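Subject: Structure handover and notes

Hello,

Please find the structure below. My notes on it come after.

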Amino acid sequence: MAAASGWERLVARDAEWEALERRLAAARQGRGGVLLVSGEAGVGKTRLAQAAAEHAAARGFRVAWGRCSDGLCPGFWPWIQIMRRVGGDAGPLTGDLAPDDGLFELYERVLAALTGDGTPLLLVLDDLHWADVSSLRLLAFVADAVAASPVLVVVTLRPEPGDHPEALRDTLGALTRQPATERIALEPFTAGQIADYLRARGVPDRPERVAELLDRTGGNPFYLGEVLRDGGGVPAGARDVIEQRVGRLAEETRTLLRVAAVAGRDIDADVVAGAAGRDVVEVLEALDPAVATGLAVEAPDGPDYRFAHALVQETLYAGLGRLERARLHLRVGEALEARGADAAVLAHHFAQAARVGGAARAAGHAATAARQATARLAYDEAVQLWEQALRHLPRGDDAARARTLAELGQARRTVGDAAGAHRDLTEAMDLAERAGDHRTLVTAVAVYGEPALWHWWPYGTVNDRIVAVAERLLAGPLDDADRAVLLGVLGVALVYGPRREEGERAAAEAVEIARRTGDPALRARALADYLLASFVPGRNAARLAAAEEMLAVPGLPRPAELVARVSLMACLLRAGDLARWDRELARCERLLDDGRRPELEAAVRIAQTARATLDGRWEEAEDLLRRHAEMLFGSSVWGREFRRLVTTFTIRRGQGRGAELLDDLVGAAEEAAHRPLRPVAVLAAVEAGRTDLARDLVERWGAHVPRDWTADFLTPVWGLVAARLGTPDPAALYEELLPHADLFVVSGMGSACWGSTHLVLAELAARLGRPDRAREHARAALDVHRALGLDHWAERSERLLKEPP
């Protein structure tokens, strides 16, 4: 039995305490990690953590608590508390972040504060089910990093979805996969444990009494304590018990407790006084009886009091009528506003008071909080806050709605919700045009040209609305910055369709204007647009130079840097510069923690997949495809199916099993949305020995390749078809591919890589009856594949060399 006073008051938790002692001992020796303590409300999670904290402190540990709050606090709130208590700088978490800092640096600074002096440290994250998304992600990072340090993180949580179910589930999944994570599930007391509990409190443990308590309380320690404290009454649940105890207090105390319940779990006497119109001394005196009866406790630091249990606050809050609740939220919001409280907290209270005069202030504070969340890189919270602002805007204020929708659309785009962003931005443009709000219209259209790796719309479509609005704005007076932005948008919007070259020229003009302005951010943006607008055969060198210029822009934000690096990697792979490609991949890995941009991580993983196919590492390529199959591709799921089938066919083809994909490829390619798969399906038919089917498919589909980002992959594929089938025209394809002979065949940003273009040219030359040229191309392919250690493609090259003329 441990000597800590907290342990001496614990009952029926022997196994759990042994686990805690074991993990604290390991942490002292530099083997930290995470201990998850889960269980229903009132089962004793926080009490166990308190005992562990007392025990750890007595043995020289530093101890810091971070309590999560149910939607009332800004992002990173529990970590802000922890940083303040360990003596670290909480500034970055509250928005005091240098402009070029990102999440990786922020995380590293938090980790440095926790592990810096090597002293054993116990962190307690209480009520994780209420944590904000940013705090959950930081926990996942810290958990992985402290496994080899003297830091133990004890996390308490309920087995329920929480405020952010998906993020909580993802974080718990990430924690569970880490070897240094252990879970303790606290269960309600059994009959024998209830008897132990009664004996520890000096209460007779008669069997019939134990059975009654087990039946009425389910063994929940909090319910047990409430029932026993009630002096023998046995209510149906904790709410009845709490309401009875509250009912015994003076009316003034009850009134102030209801006000405090609206304010949250923590009880700040100044806030309660302001909301209730009382003197703060009167409030402190009136709340003393609540402390005496155990409904509230005095906080050692922070607020004046704290509800003894979350269920106390929840019960008081639930007992308020709708109108009374709304009025109290309004008064609490006004009291907090006078004290300069966090904008997210103010937005919450005024939103709850929207029908009694709080709507306008809810919208204003939510907008402020959304911008603050963006500055902290808490993008998920920014989206939620912009949505809240939108809900509470005054009806009929189209100008304000347009501005808010434009900001919301931008925030959605940042978190990868391209479809939602497009919906909001379309409405913003409609409203701005009706209101004649030129500035908001430019802002909304500009979002379509922010640095990105994917197009916003499905393959082959042109967003005529964006084109029309951008051209109309460009026809009028604009400053250089707006003109460069809109030209870049136009370049991206015209990628598909007959005006593609015009779009590329517009994007190039945007780069020239941006260079003249001397604005680094504008130049980076324009270069990113150019990288999308110029993604066609024959532009690899120009795109590589643009990516390098973008990376040289001073103060480049981390998401934009990742766009530039992944674009550079696609160019390097085509050029066969694998050593530099490897270095860029390592840099990208270090950038992936900067903000939730699913499309950015998707591109990095796609690039890795291409490299695996180039190296002939088929199992690794298939594993990457499986693990990252659900990543976002622009505004639709089109890219997922294209990537899946192209990559899988590449793998099966390398394994000699390409025929297995024939039916899937033909079935998908029949759909107009997946027409870029058609040459791949024809090649699969040819290589499966189904030449009649292949000819039929060519006759039915044709062999046209649009001049877009698919062309430098699909043209070589048609080249292989022509070499084996005689159609489409082998001579025309040979001439078209010859200028790109020294490039590698790559699908898009890197779904697959099929080795050197010389391989395709060798087969075409043989088909055209030019054996000497065929051998020259095969020898060139063999030389480059051998030089780079690409055994699979070297073997293909050797087979071509050995074929008779």
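Predicted model: local features only at pLDDT ≥ 70, side-chain atom pairs only at ≥ 80, totals over all residues.

Residues are numbered from 1 along each chain as its sequence is written, and side-chain values use heavy atoms, with hydrogens and water left out.

Overall

The protein has 40 helices and 10 strands; these are DSSP runs numbered from the N terminus, with helices being H or I of at least four residues and strands E of at least two. Its C-alpha trace spans about 100 × 65 × 50 Å along the principal axes. Of the 805 residues, 57% count as buried (under 20% relative accessible area; exposed is over 50% and partly exposed in between, with a 1.4 Å probe and protein chains only). Among contacts (heavy atoms within 4.5 Å) between residues at least 6 apart in sequence, 66% join residues at least 24 apart.

Strands

Strands of a sheet pair through backbone hydrogen bonds, either parallel or antiparallel. Here two strands are taken to pair if DSSP finds at least two bridges between them.

Strand β9 (residues 744-746) is joined to β10 by 2 bridges, and the two run antiparallel. Valine 746 stands opposite cysteine 753 in β10. The two strands form a hairpin with 6 residues between them, and glycine 748 in the turn has a positive phi of about 55°.

Nonpolar cores

A nonpolar core is a set of buried Ala, Val, Leu, Ile, Met, Phe, Trp, Tyr and Cys residues joined through side-chain atoms within 4.5 Å. The largest has 203 residues, and those with the most contacts inside it are Trp79, Met550 and Trp754. Helix α28 (residues 558-575) gives the largest share of this core, 11 residues. Not counting residues up to four places away in sequence, methionine 550 touches a list that includes Pro451, Leu527, Leu531, Val563 and Ala564. A second, separate core of 41 residues includes Val259, Val262, Ala275 and Leu295.

Aromatic pairs

A search of the whole structure finds 7 aromatic pairs. Rings of Phe, Tyr and Trp (its six-membered ring) pair if their centres lie within 6.5 Å; planes under 30 degrees apart count as stacked, over 60 as edge-to-face and the rest as tilted. One of the pairs is phenylalanine 189 with tyrosine 197, tilted, at 5.7 Å centre to centre and 55° between the planes. Phenylalanine 189 counts as buried because its relative accessibility is 5%, and tyrosine 197 counts as buried at 12%.

Phenylalanine 649 and tryptophan 754 form another tilted pair, at 6.2 Å and 50°. Phenylalanine 649 lies in helix α32 (residues 638-654) and tryptophan 754 in strand β10 (residues 753-756), so this pair ties together parts that are 105 residues apart in sequence. Both residues are buried. Arginine 653 lies over the face of tryptophan 754, at 4.6 Å from the ring centre (the criterion is NZ of Lys or CZ of Arg within 6 Å of the ring centre and within 35 degrees of the ring normal). Arginine 543 lies over the face of phenylalanine 535 at 4.0 Å. Tyr459, Tyr496, Phe642 and Trp709 form one aromatic cluster.

Two single sites

Alanine 546 is found in helix α27 (residues 540-551) and is buried, with a relative accessible area of 5%. Leaving aside neighbours within four places in sequence, alanine 546 is in contact with Leu527, Tyr530 and Leu531.

Serine 149 sits in the loop between α6 (133-145) and β4 (151-157). With a relative accessible area of 10%, serine 149 is buried. Beyond its neighbours within four places in sequence, serine 149 is in contact with Ala27, Gly30, Arg31, Gly32 and Thr115.

Regards
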